[in-house]
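The following note is intended for a colleague who is meeting this structure for the first time. Please read the numbered points with the model in view.

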Amino acid sequence: MSEGKKRLARVELPADARLETLALREGLPPSQWGENAEALFLTSSFVHPDAATAARRFADEEESFTYSRFSNPTVTMMERRLAALEGTSGCMGTASGMSAILLLVMGLLKAGDHVICSQSVFGSTIKLLQDIMGRFGLEVSFVSQTDVDEWRAALRPHTKLLFAESPTNPLTEICDIAALADIAHRAGAWLAVDNCFCSPALQQPVKFGADFIIHSGTKYLDGQGRVIAGAVCGPEDLLQSKLMPVLRSAGMTLSPFNAWVVLKGMETLAIRMKAQSDNALALAQWLAEQPGIHRVYYPGLASHPQHALAMAQQSGRGAAVVSFDVTGEGPQALRERAFALMDATQVCSLTTNLGDTKTTISHPGTTSHGRLTEAQRQAAGIGQGLIRIAVGLDHIDDLKADLQRGLSTIAK
Ligand SMILES: *Cc1c(COP(=O)(O)O)cnc(C)c1O
């Protein structure tokens, strides 16, 4: 950064403002019109007062907005707000959660570098790292979500990045973020955590030592199933020096409109996460007692294998995704029973998205994980009887009644 660079003004908030307040107010100061709701700057470029100023701005000698591929006030507001919630010095908005991971990898790594990744992360993340980045010379090892010794054993001299996600989809396995950060840092590598399922309202991975946080804004940040969006949070100096040149040239840019939707969605993030998490716990407890259900996966249940770790990392809450296996014998019968249960529900939306205020129900084995072979699915613990529910704000009694309708079809 050059001497005398003019920094963009910040919103002046008390230094001890809490997450709920930051979620409403962090961003940029209002325009000359004093709008209370943040403005949507739907513009591709910005005009300059004179040619010399334009030259300074393009030479990065003066901070300003020039072109929305890499700088837009609405996007900046969303980035500052999310950084404030995650407790990072910087944030970079991206077109989707997947492009956030692409930006991180292209910004930090080069051909021949090695990444260690949990084998339980989002399916598209595995495809991106292994199949696509593999073609550009990235080396990736996939290891157990929960066994830290496997992560340590996978280290190579050129390991640069550890990548994890917690809880995972759909089995809600928890990784020990502090232990992974320690392994990464001793090896001179970074730890990135996909914080999609908890959001910063429940879990702030930087508190446990993570360096970068990945978000799909599509999920809880928007929270109402409207837009595709993403972000990388992390140290501002690294985001500017390593990621910005890639974003600027490769353009995995977040649209100002989508940024605005996510920006406004974050205002209710904390209250939604608490309410949806409470609903999910009540539903998980109820499901665990129903006939026709073999096993419930939910970190808020004391029976979850990493319950204590989840409670310590996730502000004492299990988040809002609950999965369960129906009873039955053999893949064909299990699938039929799962389908019958889902088709009998009337309230839950049959869709694979999650993070919506509307409760969604899906069958991972034939949708999100349908591209895996049966052997891969079995290794991942995703059977044909598995159903995932991303619990929203529907009344808990309506959800129980809905699942009861479903369960009565398989009790017959
Ligand atoms: C949805 C999701 C992504 C990808 O986000 P998109 O916005 O759909 O690109 C990444 N990680 C996790 C955990 C997700 O649930």
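1. L40 lies in the loop that runs between α1 (19-25) and α2 (51-58). Helices (H or I, at least four residues) and strands (E, at least two) are DSSP runs, numbered from the N terminus. The model is a predicted one: local features need pLDDT of at least 70, side-chain atom pairs count only at pLDDT 80 or more, and totals for chains, interfaces and linings use all residues. Residues are numbered from 1 along each chain as its sequence is written, and side-chain values use heavy atoms, with hydrogens and water left out.

2. With a relative accessible area of 31%, L40 is partly exposed. Buried means under 20% relative accessible area, exposed over 50%, and partly exposed in between (1.4 Å probe, protein chains only). Together, L40, L42 and F257 make a nonpolar surface patch of about 270 Å². Patches are made of residues with over 30% relative accessible area and no salt bridge; like charges are joined within 9 Å and nonpolar side chains (Val, Leu, Ile, Met, Phe, Trp, Tyr) within 5 Å. A salt bridge is a side-chain nitrogen of Lys or Arg within 4 Å of a carboxyl oxygen of Asp or Glu. Accessible areas come from the Shrake-Rupley method with a 1.4 Å probe, and for residues only the protein chains shown count as cover.

3. Helix α10 (residues 256-265) is mostly covered, as 7 of its 10 residues are buried. The cover over these buried residues includes α3 (73-86) and α11 (269-287). N258 belongs to helix α10 and is buried, at a relative accessible area of 18%. Leaving aside residues up to four places away in sequence, N258 touches V227 and I228, where contact means heavy atoms within 4.5 Å.

4. How many disulfides are there? The count is 0, a disulfide being a pair of cysteine sulfur atoms within 2.5 Å. C175 is in none, since the nearest cysteine sulfur, that of C198, is 10 Å away. The sulfur of C233 is 3.8 Å from the closest cysteine sulfur, in C91, which is too far for a bond. C233 is buried, with a relative accessible area of 0%.

5. Strand β9 (residues 321-326) pairs with strand β12 (residues 386-390) in the antiparallel sense over 5 bridges; two strands pair if DSSP finds at least two bridges between them. S323 stands opposite R388 in β12.
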